Amino acid sequence: MKIKKVLRSFFLKRGLIGFLFFLSFLHIGKSDDKNYYVTRVIDGDTIELETGELVRYIGIDTPEVREKKNGRWIYRPQPFAEEAKALNEKWVEGKKVHLERDVEKFDKYGRVLAYVYVDDFFVNEALVRQGYARLLTIRPDVKHAHDFKKALEEAKKNHRGMWK
C-alpha cells in the first residue's frame with residue numbers, strides 16, 4: 001500500500017514537472033509583445049500560427065465553413081462564411097500578427113484567445129465593421145466590446161456584408 005502511494009506521488013510530480021516544462025515552450029503564454037507568423041486561416045475567426053497553435057478571435061463570431069457530423073468535419077458553409085474566411089485570409093494569411101490578450105487565455109477547446117492586429121490594423125473589429133462577424137461577448141473578455149458594438153452599428157447602418 002505504501003509503495004502505491006510513493007509511486008503515485010512520484011508520477012504525479014513527474015507529470016507536473018513535464019507539464020510545466022511543456023508550458024515553458026508555449027511561446028504565446030510567455031509574452032504578448034511578440035509577433036507571430038500566420039500559416040493558415042481556418043475560417044473567419046480562427047487562425048493557425050507558426051507555432052502550430054490555433055487562435056480564436058475574442059469578441060466576435062463569424063459564420064462557419066464546416067460542421068461536425070458523426071464525429072467528422074464536413075464542408076458545409078453557412079451564408080457569408082466564405083466571404084468572412086476570404087477577408088481573414090486577405091488580411092492575415094502569410095503575415096506577422098500581434099496578439100493582444102484579455103483575461104481568459106484559452107477557450108474550452110484549447111485555442112489561444114486573442115485580439116489580432118496586423119501592424120495597427122485591428123482584424124477582429126474590421127470583420128465586424130465589414131459586416132462579416134457578429135458580436136460574441138463572453139465575460140470576462142470584454143476589453144473591446146464597446147468598439148465592436150459601434151462597428152456592428154456602422155455595418156448595419158451602411159448595409160455591409162450580412163446586413164445587406
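Some ground rules come with the model. Residues are numbered from 1 along each chain as its sequence is written, and side-chain values use heavy atoms, without hydrogens or water. Because this is a predicted model, local features need pLDDT of at least 70 and side-chain atom pairs count only at pLDDT 80 or more, while totals for chains, interfaces and linings use all residues.

The protein chain has an average pLDDT of 86, and 80% of the residues score at least 70; pLDDT is the predictor's confidence in each residue, from 0 to 100. Over residues 16-31 the pLDDT falls below 50, and this stretch has 13 contacts in the model beyond near neighbours in sequence, a contact being heavy atoms within 4.5 Å. Where pLDDT is low, the predicted coordinates should not be read in detail.

Turning to the overall fold, the protein chain contains 5 helices and 10 strands. Helices (H or I, at least four residues) and strands (E, at least two) are DSSP runs, numbered from the N terminus. Of the 164 residues in the protein chain, 37% are buried. Among contacts with a separation of 6 or more, 57% are between residues 24 or more positions apart. The accessible surface amounts to about 10,500 Å², with 56% of it belonging to carbon and sulfur atoms; areas come from the Shrake-Rupley method with a 1.4 Å probe, and for residues only the protein chains shown count as cover.

Helix H5 covers residues 145-157, and its end C-alpha atoms are 18 Å apart, in agreement with the 18 Å that its 13 residues should span at 1.5 Å a residue. The expected span is 1.5 Å times one less than the number of residues. Phe148, Ala151, Leu152 and Ala155 are the buried residues of H5. Seen down the helix axis, they fall within an arc of 100°, so they line one face of H5; the arc is that of the directions from the helix axis to the C-beta atoms. His146 and Lys157 are exposed on the other side. Cover for the buried residues of H5 includes strand E4 (59-61), strand E8 (112-118), strand E9 (121-122), helix H4 (123-129) and strand E10 (134-136).

Rings of Phe, Tyr and Trp (its six-membered ring) pair if their centres lie within 6.5 Å, with planes under 30 degrees apart counted as stacked, over 60 as edge-to-face and the rest as tilted. By this rule there are 6 aromatic pairs. In one of them, the ring centres of Tyr115 and Phe122 are 6.0 Å apart and the planes stand at 75°, so the pair is edge-to-face. Phe122 and Phe148 form a tilted pair, with 5.6 Å centre to centre and 40° between the planes. Because Phe122 lies in strand E9 and Phe148 in helix H5, this pair ties together parts that are 26 residues apart in sequence. Phe122 is buried at 8% relative accessibility, and Phe148 is buried with a relative accessible area of 2%. Tyr115, Tyr117, Phe122 and Phe148 form one aromatic cluster. Beyond its neighbours within four places in sequence, Phe122 is in contact with Tyr115, Val116, Tyr117, His144 and Phe148.

Helix H3 (residues 81-92) reaches 16 Å from first to last C-alpha, close to the 16 Å expected for its 12 residues. Its buried residues are Ala81, Ala84, Leu87, Asn88, Trp91 and Val92; they fall within an arc of 135°, so they line one face of the helix. Asn88 is also in contact with Thr46, a buried residue with a relative accessible area of 3% in strand E2 (residues 46-49).

In the loop between strand E6 (72-75) and H3 lies Phe80, with a positive phi near 75° and a partly exposed side at 29% relative accessibility. Pro140 sits in the loop between E10 and H5, where a cis peptide bond with omega about 15° joins Arg139 and Pro140.

Note on methods
Buried < 20%, exposed > 50% of the residue type's maximum accessible area, 1.4 Å probe, protein only.
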